[in-house]
Amino acid sequence: MKTRPALALLTALTLSAAQAQTALTLTLPSAVARALDSGPDVTTARANLQKAQANLRAVRADPTSIITTLIQAEQGAAAGLAALNAAKLNVAQTVITQYVAASEAAGRVSLNTAQVALDTRNLQIAQARLASRVATALDVSRVQTALNGDRQELADAQAQVPVLRAGLARTLGLAAGTELTLAPLPTPPAASAAVTTLQSGLNTRLSGLVQAAQGAELAALQVRVANNDYTPARTLQDAQVALANAQRSLDDATRAAATGVRDAARAVESARQQIGVAQAQARNAQTALTQAQARLRAGTAAAVEVQQAQVQAQQADFGVQQAQNGLWRALAGLGVASGLDQTGLVR
């Protein structure tokens, strides 16, 4: 009987420790780093690269290896490196997208909460005016409808937060039930590389282009091997056709990749400009709030007008957050398109 308090204390401590293990605070850089360190896609790509590199070393050490075997082993190692790079950039893009979505959902909850509070105050005013016969029942109904709609938006936003955080937790390989706390996103990098720089060397960085270039290289080797007086002419002709097809595929893929980089870079520039617009709107909203507060002190404005200005300022600040989040997404997309990280988060 005397051991029950001790047992109860032990149980409480065990539960407390378990709860502590399921709570995790993340920043965007730490989330990306975690995914790159232990994510399944990156882990698999890293293992495949190590396997290809080991095979290349074995082929080079084997004195009986023929040229085609050596070329294929070299290509396998190069393809593995490109695949690992692509896996890192794709995983980083996924994490950034999910982190941004979860952060925005939390911000929307805060904004919707403020809007519901304002709607509630407006409803109280409308009801008071109706009682004083300076408003109609229709006026009250309209305000009530707006309040109902904003309450539903708030409920939807609140429901989205745990779902989005759970999706991020799955991507990071966290245990089920892990409670995430997300720190505010850092300021996006100030600049990205020039388009011409990003378009240079795509055939050595992008996995699809690397494979296309390797196909053309191997086809050219087959032409050289068949171009002699002891190989049937038909074999050489077939090799030349295969080389032409491979080169055509490489050219098409190169043009598509260059276009993808250009479009992604344009999206980054558009996102940067949108931040400037949103910041200007936020400054205007803050000025309007300051003026409303001054008018309230002077007795020329009502408290509800200040509350309205506060909500509008909060909306404008949220717009800045959304614009910055859009830049993070655009930078991640440019990294995937170019094969060069533009976020500063991929190591």
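Select Arg165 and the residues it touches: leaving out residues up to four places away in sequence, these are Ala102, Ala106, Leu180 and Leu182, where contact means heavy atoms within 4.5 Å. Arg165 lies in helix α5; helices (H or I, at least four residues) and strands (E, at least two) are DSSP runs, numbered from the N terminus. Arg165 has a relative accessible area of 25% and is partly exposed. On this scale buried means under 20% relative accessible area, exposed over 50%, and partly exposed in between (1.4 Å probe, protein chains only).

The model is predicted: local features need pLDDT of at least 70, side-chain atom pairs count only at pLDDT 80 or more, and totals for chains, interfaces and linings use all residues. Residues are numbered from 1 along each chain as its sequence is written, and side-chain values use heavy atoms, with hydrogens and water left out.

**From Arg165 to Ser103**

Next, select Ser103. The C-alpha atoms of Arg165 and Ser103 are 8.8 Å apart in space, although 62 residues separate the two in sequence. Ser103 belongs to helix α4. Is Ser103 buried or exposed? With a relative accessible area of 12%, Ser103 is buried. Not counting residues up to four places away in sequence, Ser103 touches Leu182, Leu185 and Gln321.

**Helices α4 and α5**

Now colour residues 67–131, which form α4, and residues 137–171, which form α5. The two helices pack at an angle of about 160°, and their axes are 7 Å apart. Axes are lines fitted to C-alpha atoms, for helices over the stretch in contact, and angles run from 0 to 180 degrees between N-to-C directions. Helices α4 and α5 are therefore roughly antiparallel to each other; angles under 35 degrees count as roughly parallel, over 145 as roughly antiparallel, 65 to 115 as roughly perpendicular and the rest as oblique. The crossing of α4 and α5 is left-handed, a term used if the near helix is turned anticlockwise from the far one by less than a right angle, whereas clockwise is right-handed. By class, the contact of α4 with α5 has 21 nonpolar, twelve polar and six charged residues. Here Ala, Val, Leu, Ile, Met, Phe, Trp, Tyr, Cys and Pro count as nonpolar, Asp, Glu, Lys and Arg as charged, and the others, Gly among them, as polar.

In the loop between α4 and α5, select Arg133. What is the value of phi of Arg133? Phi is near 60°, a positive value in a residue other than glycine. Most residues other than glycine have a negative phi. Arg133 counts as exposed, at 79% relative accessibility.

**Helices α4 and α8**

To view the contact, select residues including Ile67, Ile71 and Ala86 of α4 together with Ser207, Leu218 and Gln222 of α8. The residues of this contact divide into ten nonpolar, six polar and one charged.

**The nonpolar cores**

Select Leu202, Leu209, Leu250, Val261, Val268, Leu327 and Leu334, the residues with the most contacts inside the largest nonpolar core, which has 33 residues. A nonpolar core is a set of buried Ala, Val, Leu, Ile, Met, Phe, Trp, Tyr and Cys residues joined through side-chain atoms within 4.5 Å. Helices α8 (207–226), α9 (233–298) and α10 (303–338) each supply at least two residues of this core. Which helix gives the largest share? Helix α9 does, with 14 residues. Centre the view on Leu250: leaving aside neighbours within four places in sequence, Leu250 is in contact with Leu209, Ala212, Ala213 and Ala216. A second, separate core of 31 residues includes Leu36, Ala45, Ala102 and Leu172.

**Helices α9 and α10**

Finally, display α9 and α10, whose axes come within 8 Å and cross at roughly 165°. That makes α9 roughly antiparallel to α10. The crossing is left-handed, and by class the contact has 26 nonpolar, 13 polar and four charged residues.

On α9, select Ala267, which counts as partly exposed at 38% relative accessibility. Ala267 and Gly326 are 59 residues apart in sequence, and 9.3 Å apart from C-alpha to C-alpha. On α10, select Gln324, which counts as partly exposed at 24% relative accessibility. Not counting residues up to four places away in sequence, Gln324 touches Pro188, Ile275 and Gln279. The C-alpha atoms of Gln324 and Val223 are separated by 52 Å, and the two residues are 101 residues apart along the chain.
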